[in-house]
Amino acid sequence: QRKVRILNGAHTSMVLGAYLAGRNIVRECMQDPVIRAFMEQTLYEEIIPTLTLPEQELTTFAKAVFDRFNNPYIDHELLAIALNSTSKWKARVLPSFAGYVKRCGTLPECITASLAFHIAFYRGNRLEETGLTGSRDGESYVIRDERFILEFFEAHKEDDPEAFSPPPMPEGSEDMNPNDFQKMMNAAKNSNQQMSQEEFNQIFDTLKQGKSPEEVARMEQMVQ
């Protein structure tokens, strides 16, 4: 639970959005104050509160994860981590999403954003044998996943978000408010445009809205 939800969950929730924002390796993400703040909030405010292990044990493990991500001797490529991201999101992130909704009765901001990043990343323009080809600032990248998943995204790349029918509730989310889940999916479906660094930063700037001064100070301290 600790490794999958914290270590793997941090990777999966951050990687696709960070790549679209122009980053290529994990260490670059750790040195970007906006992305690091996103990861900190994801782990400490949305994932760890849903776990049953002692909080001190979890926060200590999370700190070790950040130290590992910042290792100067390892160039861990984001596109390598992005392999099979759909099944990874379901196994590593969805349980935290459902647990947060059950515990708090509202949507987790960062995890919800990570689903939108996932859909944006998978918005390819050409399906080939090697995978689905996407584009970042005019540069092509290959999305690698199970074939039926790539075929689904390729088939629906031109769909109008408003034309989507209400999706089924995902496994493990029975306690989720259906209206809240629909709002999350609508937001994710509308994230079908490639993001610039400025747009990416603006998303995370909004995460501070509605926070208390103490919470804002804590977020800022995390990236100092």
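Is Asp137 buried or exposed, and what is its relative accessible area? Asp137 is exposed, with a relative accessible area of 67%, where exposed means over 50%, buried under 20% and partly exposed in between, computed with a 1.4 Å probe on protein chains only.

The views below come from a predicted model, in which local features need pLDDT of at least 70 and side-chain atom pairs count only at pLDDT 80 or more, while totals for chains, interfaces and linings use all residues. Residues are numbered from 1 along each chain as its sequence is written, and side-chain values use heavy atoms, with hydrogens and water left out.

View 1. Asp137 is not a glycine, yet its phi is positive, at about 50°. Asp137 sits in the loop that runs between strand S2 (131-136) and strand S3 (139-143); helices (H or I, at least four residues) and strands (E, at least two) are DSSP runs, numbered from the N terminus. Asn84, also a residue other than glycine, has a positive phi near 55° and belongs to the loop between helix H5 (78-81) and helix H6 (85-104). With a relative accessible area of 27%, Asn84 is partly exposed.

**View 2. The salt bridge between Arg23 and Asp32.** The structure holds 7 salt bridges, each defined as a side-chain nitrogen of Lys or Arg within 4 Å of a carboxyl oxygen of Asp or Glu. One of them joins the side chains of Arg23 and Asp32, at 2.8 Å from N to O. Arg23 counts as partly exposed, at 23% relative accessibility, whereas Asp32 is buried, with a relative accessible area of 6%.

View 3. The side chains of Arg147 and Glu151 form a salt bridge of 3.8 Å, N to O. Both residues belong to helix H8 (residues 147-155), where they are 4 residues apart, about one turn of the helix. Arg147 is partly exposed, at a relative accessible area of 35%, and Glu151 is likewise partly exposed, at 40%. A further salt bridge links the side chains of Glu154 and Lys157, at 3.4 Å from N to O; here Glu154 counts as partly exposed, at 25% relative accessibility, while Lys157 counts as buried, at 18%.

**View 4. Arg5, a buried residue without a salt bridge.** Arg5 is found in helix H1. Arg5 is buried but has no salt bridge, and the nearest side chain of opposite charge, that of Glu46, is 11 Å away; in this assignment Lys and Arg count as positive and Asp and Glu as negative, with His and the chain ends not counted. The side chain of Arg5 does make a polar contact with the side chain of Ser96, at 2.7 Å, a polar contact being a pair of N or O atoms within 3.5 Å, of which, within protein, one must be able to donate a hydrogen and the other to accept it, and for which residues adjacent in sequence count only if both atoms are side-chain atoms.

**View 5. Lining of the largest cavity.** The residues that line the largest cavity are His11, Thr12, Val15, Leu16, Ile81, Ala82 and Ser85. A cavity is a set of points, on a 1 Å grid over the protein atoms alone, where a 1.4 Å probe fits but cannot get out, and lining residues have an atom within 4 Å of a point. Helix H1 (residues 2-20) gives the most to this lining, with 4 residues.

Key: On a 1 Å grid over the protein atoms alone, a cavity is a set of points where a 1.4 Å probe fits but cannot get out, and a pocket is an open set with protein on both sides within 12 Å along at least five of seven lines; lining residues have an atom within 4 Å of a point.
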